[in-house]
Amino acid sequence: MLLVCSCMTTFAAEKAEYVPKMYASFWALIPPVVAITLALITKEVYSSLFVGILMGGLFYSGFTFEKTVTHVFQDGIIGVLSDSYNVGILVFLVILGVMVSMMNRAGGSAAFGRWAGKRIKTRTGAQLATIILGVLIFIDDYFNCLTVGSVMRPVTDKHNVSRAKLSYLIDATAAPVCIIAPISSWAAAVTGFVKGEDGFSIFIRAIPYNYYAILTIVMMLAIVYLKMDYGTMRVHEKNAINGDIYTTPDRPYANAEVEVDESKGGVIDLILPILMLIVCCVIGMIYTGGFFSGASFVEAFSGSDASVGLVLGSFFALVITIVFYAARKVLKFKESMECVPEGFKAMVPAILILTFAWTLKAMTDSLGAAKYVAGVMDSAAGGLINLLPAIIFLVGCFLAFATGTSWGTFGILIPIVVAVFSGTNETMMIISISACMAGAVCGDHCSPISDTTIMASAGAQCNHVNHVTTQLPYALTVAGVSFVNYVIVGFVQNPYIGLPVGILLMLGTLLVIRKISKEKEA
């Protein structure tokens, strides 16, 4: 018995200590880069993601068949779908899909479209309303994407705003707004990564240096007011003005549309469920953070579990909505239940892409991508201190782009930044943490495998690859200006100089792009 137990212990240790040959090397970042490149070239996201996952499995296993299969399915797909946080996000997605389906069938979305149509007269007004609503819903990026999409789709469709443009506006007011909102799930995440410091105070002081987030909002307002578009977005917007809001033949959510009796339902049938969602989700998040056990509101948000909080909040909002519709006799209980499979169907594309994206991240994690990037950062921290914010911004961009996660990027880079600057130069620590957050949001914004990008596509009911390809030129423009600004602020170390300079650079860049675009058309 002792001999058998000894052998089993040895076997378990060997299994636990397995380290792939490509661990913590540049090869760890190849699978996501291949997946992203294939998605952009082929315009087919599912197979591209799976190729990246398979490549990650092969790298991990040393190109052996059995270990590749078990790693991809057991550690990858089954593993990410066994994670309670991920399952919570999927449940939240499904509940929101059901609520959107109910709001459509009850006539609330159509009524809001008619009401807004009388007040919003122009394409500019429709886009500005989308931006304003996106800024106001700053609690969580997932919640933002799906809520703004369901509310504004009828309005932007009526004014011939392309689905690609709508998805960009949704995406650009999701993570970029959440990362500069003190009361949000993102603020809670960042606060948790700043060990040994006053995390919430650092987050507040870092806001003026978060150039990517602030300049993204400036850019959105500028392109809407200037009525300018460039890159592939220009093609989509021209087609939308002529009546084709999709441009490409693919309509991934068209089969989920339901027949709506527009004679019933009013604006209240959309407004009240949305308000209940906001209120219940806030209560759900602070509940998971211990607010009702004595924690302060800020402490509760900092310690909240966004996944559980959003599920609890959206569930209670769903129950309230069912009762409300039944009481108003706009939707019978049986009709509400018929919306459950309809809402689920509407979210299937987003669920599939999210599952593949999470699996791809699991592959890169198993290959030690985080350790490799941490090593690169440590070696860069030795010199060029004034350029470090700009370097951190670039590293954050690349890491978040390759892995599709902002929060994972925070977790890797922020502790390194704190270790480098803590107790020596607090201002540079604040700037560098902000550069890390900005880079993470930028990479997340650009990445086809980012969950926020996937949610924005789902919220706008836009082809996912269309959203990525049209958004990329805009995101890269802001990234370029932000990088220059981090170089400047690394030397001046003053928010009152850095932010105005960044805004002027952003507006100047857009004016130059508009002039070049007009010259090309002439």
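1. Start with the nonpolar patch on the surface: Val 279, Ile 283, Tyr 287, Phe 291, Phe 292, Phe 297 and Val 298 make it up, and together they have about 620 Å² of accessible area. A patch here takes residues with over 30% relative accessible area and no salt bridge, joining nonpolar side chains (Val, Leu, Ile, Met, Phe, Trp, Tyr) within 5 Å and like charges within 9 Å. Areas are Shrake-Rupley values with a 1.4 Å probe, and for residues only the protein chains shown count as cover. A salt bridge means a side-chain nitrogen of Lys or Arg within 4 Å of a carboxyl oxygen of Asp or Glu.

2. Before going on, bear in mind that this is a predicted model: local features need pLDDT of at least 70, side-chain atom pairs count only at pLDDT 80 or more, and totals for chains, interfaces and linings use all residues. Residues are numbered from 1 along each chain as its sequence is written, and side-chain values use heavy atoms, with hydrogens and water left out.

3. Which helix gives the most to the nonpolar patch? That's helix 15, with three residues. Helix 15 (268-288) and helix 16 (297-302) each supply at least two. Helices are DSSP runs (H or I, at least four residues), numbered from the N terminus. Val 279 sits in helix 15 and is partly exposed, at 42% relative accessible area; the cut-offs are under 20% for buried, over 50% for exposed and partly exposed in between (1.4 Å probe, protein chains only).

4. Now the rings: the whole structure holds 13 aromatic pairs. One of them is Tyr 168 with Tyr 474, an edge-to-face pair at 5.0 Å centre to centre and 80 degrees between the planes. Tyr 168 belongs to helix 9 (residues 163-172) and Tyr 474 to helix 24 (residues 464-492), so this pair ties together parts 306 residues apart in sequence. Both are buried: Tyr 168 has a relative accessible area of 1%, Tyr 474 of 0%.

5. Tyr 287 and Phe 292 also pair, with centres 6.4 Å apart and planes at 45 degrees, so theirs is a tilted pair.

Key. Phe/Tyr/Trp six-rings, centres within 6.5 Å; stacked < 30°, edge-to-face > 60°.
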